[in-house]
Amino acid sequence: MNKNDPNLPAIISAVLQKPKYEHIQADLVERLAARELAKGRKTKEAVKEVSAKLHQIGAAYFKLAPQYARWLEELVTLSHDPAHEDVRAFCLQVMQAHSSTAERLSILAEFYADILAPIGPLESVFDLACGLNPLALPWMPLKAGARYYGCDIFSDLIAFDNAFLAHCGLQANLIPADIFQYEFQQPVQAALLLKSLPCLEQLEKGAASALLEAIPAKYLLISYPIRSLGGKSKGMRQTYSAQFESLTAGRKWKVTRYEFSSELAFLVEK
Ligand SMILES: C[S@@+](CC[C@H](N)C(=O)[O-])C[C@H]1O[C@@H](n2cnc3c(N)ncnc32)[C@H](O)[C@@H]1O
């Protein structure tokens, strides 16, 4: 991969000029662009391919255009207590905007109560490739003032997630970053990798195994979608069960499996 290719800057800026991708981590755009050039693609084709990949791994999940400015205005009028009814209503409304959290709403309470409550209340978490999941805070068994770390590739999304967590009194340490470049600076109790491994596979085939190994957390909560964004199930429960088994095969990790109507989850104790 040649990061000195003279066509690289034009591809990066053409992609970042598109409103859908303007808040995406520039390093990730650069990496994908360099990869397309290495395949011999011309500038225009490379812009198309990089945009398609960014759509597939990130932008496609926005069911509704995120209204960060309006949400931030609403946030300042809300209680600082995440258990407050108005905060919960706000979170449910915001989480509708992202397919991934939207399809978890019907199982949200049982999801966190069944999986994390037995090991909680937690004092520190990583939420990796988090999307709008930090808005599930009212349903998560976290201690008041817990440390909340993690990343996603959209800087505007991360700024909003951090504002919400800080409003609720957490130590909000999410950063805009590509997970493969994310530096784990301190160990935490639990890392959430919710429905992200399939996206990450589309980006870096075969890299998930090393990622799981490197995450400094006692517990990993890993989940998979059981329907595609288009709503088809296509045997995804079986496919992802097999994928998870091969990812963790040969490791002395304790695994507990959880089946929900809209998600398949595994709690790994390292
Ligand atoms: C299927 S969604 C899951 C979101 C969230 N974890 C949840 O379950 O609600 C995948 C998320 O991964 C993010 N993502 C994709 N590639 C990423 C990468 N390389 N590093 C960090 N985040 C990434 C996307 O922006 C998106 O928010």
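Biologist: Is L122 buried or exposed, and why?

Modeller: In this predicted model, L122 counts as buried because it has 20 C-beta neighbours inside 10 Å, and a residue is called buried at 20 or more.

Biologist: Where does L122 sit?

Modeller: L122 lies in strand β1, which covers residues 122–128.

Biologist: Which residues does L122 touch, leaving out those up to four places away in sequence?

Modeller: On that basis, the contacts of L122 are L116, P141, L142, K143, A146, Q189 and A190.

Biologist: Turning to the largest nonpolar core, which members touch the most others?

Modeller: Those are V125, A190, A191, L220 and L221, in a core of 79 residues. Domain 1 (8–57) and domain 2 (68–269) each supply at least three residues to this core.

Biologist: What does L220 touch, again not counting residues up to four places away?

Modeller: L220 is in contact with A191, L193, L212, I215, V268 and K270.

Biologist: Now the ligand. Which residues come nearest?

Modeller: Of the 22 residues around the ligand, the nearest are G58, A129, G131, I179 and L194. Two or more shell residues come from each of α6 (99–102), β2 (142–152) and α9 (197–203).

Biologist: Which element gives the largest share of that shell?

Modeller: Helix α9 does, with three residues.

Biologist: How do the shell residues divide into nonpolar, polar and charged?

Modeller: The shell around the ligand has 13 nonpolar, six polar and three charged residues.

How values were computed. Residues are numbered from 1 along each chain as its sequence is written. This is a predicted model: local features need pLDDT of at least 70, side-chain atom pairs count only at pLDDT 80 or more; totals for chains, interfaces and linings use all residues. A residue is near a molecule or strand if its C-beta atom, placed from the backbone, lies within 6 Å of it. Helices (H or I, at least four residues) and strands (E, at least two) are DSSP runs, numbered from the N terminus. Ala, Val, Leu, Ile, Met, Phe, Trp, Tyr, Cys and Pro count as nonpolar, Asp, Glu, Lys and Arg as charged, and the others, Gly among them, as polar. A nonpolar core is a set of buried Ala, Val, Leu, Ile, Met, Phe, Trp, Tyr and Cys residues joined through C-beta atoms within 7 Å. A residue is buried if 20 or more other C-beta atoms lie within 10 Å of its own, exposed if 12 or fewer, and partly exposed in between; C-beta atoms are placed from the backbone. Domain bounds come from an automatic or database domain assignment. Two residues are in contact if their C-beta atoms, placed from the backbone, lie within 7 Å.
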